[in-house]
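Open the model in your viewer and keep the selection tool at hand. The tour has two stops.

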Amino acid sequence: MKFTAYLLDVLTDSVYPARITVADGVFKEIVPIHVTEETKIDVEGLLLPGFIDSHIHIESSMLTPAQFAKVAVRHGTTAVVCDPHEIANVSGIPGIEFMIENAKTVPFNFYFAAPSCVPATSFETSGAILNSDDIEYLLKKDEIVALAEMMNFPGVINGDEEVLRKLEFARKYKKPIDGHAPLVSGRDLDKYLEQYIITDHECSNFQEAIEKKQKGMKIMVRDGSSAKNMEALLDFHERLDYLKNQDSFGIIPTDVLERRISSPMFDFIVSDDKNPNDLLEGHLNLSVKKAADLGVDILKAIEMVTINPAAHYSLDGGVIVTGARADFIIVDNLKDLNVLKTYIAGECVFDGENVLFDVDDVEVTNTVNATKKQASDFDVCFDGDECEVNVIECFNGELLTQKATATLKTKDGKVQPDIYQDVLKIAVVERYGHGNVANAFIKGFGLKKGAIASSTAHDSHNIIVVGYDAEMMAEAVNTVIENMGGIAVVSEDFRDSLALPIAGLMTNDDAELVASKLTVLQKMASALGCKIDAPFMTMAFMALLVIPSLKISDLGLFDGDAFEFIDVIRS
């Protein structure tokens, strides 16, 4: 294939016309040309390297890797570095190998990171455990390009032998180590970094990110469905104040300072988690545009999803140069970034209207081993007229929670939720055959009746349920069990569900079908009074114990700051 086009060179931040030859899946020749009235430019639009998402959990899209690829290529994404720790917590190494094999069935570049924390903590019940020997087995695989986010930061800081052994194996096989250190600072952060943990995607404010950046970390700016940190990390005024404070002697000329403000300061733009509704709307193309809207130089923003991740993970891609794999996209312009075509290894996979490959279904095995529940399983009992309880307080678009308290009345010895205080019941039902059920209270969802439940509950993926009524909570959980996993919304007036029978996390259906059903369920949740934009994804993170401050597992209510269980009822 030979053609002429204008291309974006992310190595020199320049755009120029060139004659391009692609053969055997790589760029064979790139020759700059001089444009005259007689020159014919074959390609209408601008060539960019294909976009790379350097941190994503495919399972959170509820799609198989192959179905995910079918959507991603429409938005100019040609590669992802994915951490399959969701399915690893359910099925262990066989689950990871399923993801790798399914990824090979489509023309898309899937790279994987070895899940470092399965389970994320010892304070929950998972379907599998990956020890350091398992991690070494995975790191030997060519498809594994990194050790995935080290969520057990207390284990790193306190020198846990098994944690350190996993990190040693990553260094032995020369695979970069991804971090996960929300709000870790000072000397604790220093201890974390001493283990050569390179990246972090958990920064929720500018000062946290700058400290980590100053200490040598590469910062991933997260723009997902549930966690959206871009506005906080790329805030123009904070960047300006920071640069002025760094140059208190006025050494840097004003024009240089202004140019530095447009530099992102950070390294990657990532999704982390992306639900199918948002994925259909766009992927990194929308995130790059958002960064530009926040004042980041558009060329620097594009580097955050091309050359930067390619260089960090030693990927073949991310740049248009002779010898590189021919993963590229054609966009209309640098302002709108509408994707006109997507090429992977020199082959067109999206022609502007259609995705040019098919996806096969995979066989399904039930991974939900739980008995049906009754309303009494979701009761919190107290002998008295009222009691003070600890409450998880969650926020729209945030993974961090706060510790709150509430005074609740009792009825027949059972502590009652209070819609006037927006305090609802939350429970986690263990789904691997042990029968555990843990109950607590949560504030921030806004439900006035009914219940919502899901078998996606990070990271062990037990069944999580939020509701006002215990009967409805039991029905929602039982619907999930009947469906071999998935999402359910129930009330006295209506009920519906989305089955996710692949590890209780994914389905064979395509993104349009999943998104359509998810939209219905979200509208139903909204009709019940829910105030959260992405209620099921937000609910899923209420079980992620490694993100402060108060969460819940199948074993109880967990204080993420003290890293210990606490009582639901305050003494």
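**Stop one: a histidine and its neighbours**

Select His85. Leaving aside residues up to four places away in sequence, His85 touches His57, Glu59, Pro115, Val118, Glu149, Met151 and Asp459; contact means heavy atoms within 4.5 Å. This is a predicted model: local features need pLDDT of at least 70, side-chain atom pairs count only at pLDDT 80 or more, and totals for chains, interfaces and linings use all residues. Residues are numbered from 1 along each chain as its sequence is written, and side-chain values use heavy atoms, with hydrogens and water left out.

Show the helix next. His85 is found in α2, residues 85-91 (a helix is a DSSP run of H or I, at least four residues, numbered from the N terminus). Is His85 buried or exposed? His85 counts as buried because its relative accessibility is 3% (buried is under 20% relative accessible area, exposed over 50%, partly exposed in between, with a 1.4 Å probe and protein chains only).

Now show side chains. The His85 side chain makes a polar contact with the side chain of Asp83 at 3.0 Å. It makes another with the side chain of Asp459 at 3.1 Å. Such a contact is a pair of N or O atoms within 3.5 Å; within protein, one must be able to donate a hydrogen and the other to accept it, and residues adjacent in sequence count only if both atoms are side-chain atoms.

**Stop two: the largest cavity**

Select Ser60, Met62, Thr456, Phe536 and Met537. Among the 17 residues lining the largest cavity, these lie nearest its centre. Then colour α18: this helix gives the most to that lining, with 4 residues. A cavity is a set of points, on a 1 Å grid over the protein atoms alone, where a 1.4 Å probe fits but cannot get out; lining residues have an atom within 4 Å of a point.

Key: 1 Å grid on protein atoms, 1.4 Å probe; cavity = no way out; pocket = protein on both sides within 12 Å on 5 of 7 lines; lining within 4 Å. Helix = DSSP H or I, 4+ residues; strand = E, 2+ residues; numbered from the N terminus.
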